[in-house]
Structure formats: C-alpha cells, structure tokens
Amino acid sequence: MLLDTPRGMDDLLPREMALKRRIEDVIREVFKLYGYLEVETPTVEYYELFALKSGEEIRERMFDFIDKGGRRVVLRPEVTASIARLVASKLKAMPPPLRLGYIADCYRYDEPQWGRRRRFWQGGFELIGSKDPLADAEILEVSYEVFSRIGLRDQYFKVGHVGIFREILKSYRVNEKIQDRILTLLDRKMIVEAFDLMRKNGVDEDGVKVIENLMKLEGTDLRKISIDASNILSPWKEAYRDLEDLCEIIDLAREGGVESKMVVSLGLARGLEYYTGFIFEQSVPDLRIALNGGGRYDNLIELFGGNPTPAVGCAIGITRIMQYILEKKAEETPTPSRPRILLTGVADVSKRYVMKVARILRGMGFGVEVEVLSRKLPSAIEYALKSGMKFMIIVGRREEAEEKISIRDLELRRQVELPLSDEEKIMEALTGVERV
Ligand code: AMP
C-alpha cells in the first residue's frame, strides 16, 4: 500500500514527463498561433458545477467527497464546465469573442484500462461568443495543428452534429433532458434502449425510422452523405439547416488547412450532455478510442447564469496521446534534457570555489551538474561519459589560486585552461552546449 499509487493514477517518470512537456509545449504554441489565452481553474470544484450538465457518464464517475466544512466537492472530471463558470462570472465583462486555453489534470472513476486512467491531463481550446461556422472550423484547425506538430501524421476526424437529432426530437416535443438521455444512450451504442425511450416520449415510427436511417449515414464522401441526408431531412427544416451548417464547417476547415481524413457520421453522439450542435472526435487508425473530442455547447454559459453565449471547444487527451506514443512510437519519445557539463573539484579545492564557478557558469546560461559524491577524476569522467555530457569543468587548488577553470572536451579529448572572468573565451570553449 505504502509503495503503491492509488488505482488508475500514475507517477510520471522523467521520460514520461519529457513527453508530456513536449505535448504541452505544442499545445501552448498553438494557443499562441490562434490567440487562445491560457487560464487555470481549481482541481477541486463544487459538485453542482458538473452535476448540472456534464452528463450521466461523467456524473457516475466523479471523485466526489464532502470536505471538512461539509461541502460536497469533486475532483474535476473535465474543464469545460469550469470555463463556462468563469465566463458567466469573472469574465462576464470581457467583450466576446473569448479564446481560452487550458492544460489541466482531470479525474474520473473509470475502470482503469488502455487509455483510461483515473487521473489524466487534457489540453483544451474554447472559443466563446460566436455562432459562426468559422468558430467550429477553427476548433478543427487547432486540433489538426496540434496533432500534426506532435507528429501524429495519420490522424483523422469523425464529425457529426447533435443539432440534427435534437431538432427532430424537439419536433415531437421531447424535452431537453430526455434528448440528453437519448443522446447518451446512442453514445453508449445502446440503440434499442434509445429508440424505446424515443417511443415512450411521443416519437412516432416515422421519427424513429428517420433517426435510424440518419445513423446509417457515415463516410468520407461529404457530397453523397449530404444528398442522402437532405432527402431524409426535407420535412425537418431546422434539422436540415444543421446539416448545411455541418457541411459549411467541414468546407471551411478544409480551406483552413485541415488535410486529414474526415469521416462524417450523422449518428455520432458524445458522452457529454451540454453539446448542442457540431461535435467531433479525433484519433489515429490503430486505436479504437478517441484522442480528442469536442463540439458546440451554446446553452451551458446561460445555464450557469451568464448571458446567452454560444461556444465551441475541444479537449485533447494528453495522457492518452502519451500512452499511444510511448507504446506505439517509442522511437519518437524525447529523452529528458540533462546538463551537458559536469563540474568536478579535485585536489583539495575549496567547496566554496566549486560553488562560485557553478554560479558563474549558470549565470551565463549553462546547465551545470556539480559532482557531489567526491568521485576521483577517472570515475567522474566515466560517469560524465555515461550520462551523455560533453564537457567537464575541473577545478583544483591551482585553478582556485589563479581564479581559473579547466574545460575538458570529452568528445574531442581536449583541455583548455581559462580565466574565470573571461566569459567570451568560456562561451567559445563550450560551443555546442545549448543554453538554458
Ligand atoms: P471528454 O472530456 O470525455 O470529451 O474527453 C476528451 C478526451 O480526453 C478524450 O478524447 C480522451 O483522449 C481523454 N480522456 C477522457 N477520459 C479519459 C481517461 N479516463 N483517461 C485518459 N484520457 C481520457
């Protein structure tokens, strides 16, 4: 017990951490490229924030507990609800559109399995305040950009639109709560149960058939799907408009540079209940689960007491991408970066001189590891070579007396002695070492 981590929660060792940082760096580059301002919200939030609209799937899997003050709180299962809270409160006065980004740890009491951990990181993009298909297309673009920069070249999208089903259900006066339940059942592939629930709530056989037929429409030929779907949808004007909206989003994303395969799937549903329109998932062919998911949520901010504010966003599964790269593309895993310089004191040099030299070198931007095991020179060299160091800086009593350092190039097997004050010469001698 003492040596275990809680089930489904992982320690991240240096190699994993290096990969996580690389993915996060890419996400932050794309934040900058598209103008998303990063925010951070608390890991612990009130239960109600997520109970309201995050969906059954998430509600059932929340880490919830009563804090010492008797309040019901949760470890956040996702971040969009927190963003909606921010927009409805502290950012209320900020003129739209808002582009917000986050990188955050999330917690779900899932059964641990491949790609499903109880603690995992998401990187999110949220574009708030616009109904325009340009905004939806931008979310596809940023997702594409992140995956491309990470090196997931065979990425593909699955895109759909829950507005189409919602409009059909609405025409039968199925209320939003029941719509949410039907969509959740469809997401879980519980089709029979979903159809039963529709019938129970006043949807006639024609309506059920329409949904059943729409669900069969899946493929990469947007033109064909849109023709087939328009035939089915002609009596439902609003749903038809949603189909046109989806086609426009895809067209704009293509124009914006999204070159990957896009599978249009009119039966696509997602576990989160707050989606109102365009939805999508992104993955790679050798996986059966998504690496990124998102969509439009036009009612959530208002539900939290904010002004009616349309919004669209996505949450990239950093932890799942990491697992995929570590297992399937191990050769692309970055190695943790370590200093390339080892500073060793020999022959009774004072510890104070060693510290002084380290301070000056680091002040110049060089990462320096100080030898602290009192190793003799040969074993220090052996250690430095094994650790991939390029230089050793050796200081003895003589160097100390003359305020000098000896720089040994381990690759070229050359050694020079330089005054500690001659920064220019030191820089020159340490060529090839990246500065921090
Ligand atoms: P969601 O918030 O459910 O839309 O999930 C968005 C993305 O987060 C998914 O596509 C996954 O990549 C990732 N994700 C969701 N749940 C987990 C989990 N339990 N463990 C690891 N990654 C997850």
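This is a predicted model: local features need pLDDT of at least 70, side-chain atom pairs count only at pLDDT 80 or more; totals for chains, interfaces and linings use all residues.

A second, separate core of 21 residues includes Ile341, Leu420, Ile426 and Leu430. The largest nonpolar core has 105 residues.

- Ile168 is one of the residues with the most contacts inside the largest nonpolar core, a group that also contains Phe125, Val159, Leu214 and Leu266.
- Helix H5, residues 133-150, gives the most to this core, contributing 9 residues.
- Of the 436 residues of the protein, 53% count as buried.

**Overall form**

- The protein contains 17 helices and 17 strands.
- The radius of gyration is 28 Å, whereas the globule rule gives 22 Å for 436 residues; the protein is therefore more spread out than a compact globule.
- The C-alpha trace spans about 95 × 55 × 45 Å along its principal axes.
- Among contacts between residues at least 6 apart in sequence, 68% join residues at least 24 apart.

**Surface and charge**

- The protein exposes about 21,800 Å², and carbon and sulfur atoms supply 51% of that area.
- There are 69 positive and 72 negative side chains.
- The centres of the positive and negative sets lie 4 Å apart.

**Glu56**

- Glu56 is found in helix H3, which covers residues 56-59.
- Its relative accessibility is 23%, so Glu56 counts as partly exposed; the class lies between the limits of 20% for buried and 50% for exposed.
- Not counting residues up to four places away in sequence, Glu56 touches Arg181, Thr184, Arg188 and Glu273.
- Glu56 and Tyr353 are separated by 297 residues in sequence and by 63 Å in space, C-alpha to C-alpha.

**Lys328**

- Lys328 has its place in helix H13, residues 318-328.
- Lys328 counts as partly exposed because its relative accessibility is 41%.
- With neighbours within four places in sequence left aside, Lys328 is in contact with Asp286 and Leu287.
- Lys328 and Asp286 are 42 residues apart in sequence, and their C-alpha atoms are 9.2 Å apart in space.

Conventions:
Residues are numbered from 1 along each chain as its sequence is written. Side-chain values use heavy atoms; hydrogens and water are left out. A nonpolar core is a set of buried Ala, Val, Leu, Ile, Met, Phe, Trp, Tyr and Cys residues joined through side-chain atoms within 4.5 Å. Buried means under 20% relative accessible area, exposed over 50%, partly exposed in between (1.4 Å probe, protein chains only). Helices (H or I, at least four residues) and strands (E, at least two) are DSSP runs, numbered from the N terminus. The radius of gyration is taken over C-alpha atoms; the globule rule is 2.2 Å times the number of residues to the power 0.38. Contact means heavy atoms within 4.5 Å. Accessible areas come from the Shrake-Rupley method with a 1.4 Å probe; for residues, only the protein chains shown count as cover. Lys and Arg count as positive and Asp and Glu as negative; His and the chain ends are not counted. The place of a charge is taken as NZ of Lys, CZ of Arg, CG of Asp or CD of Glu.
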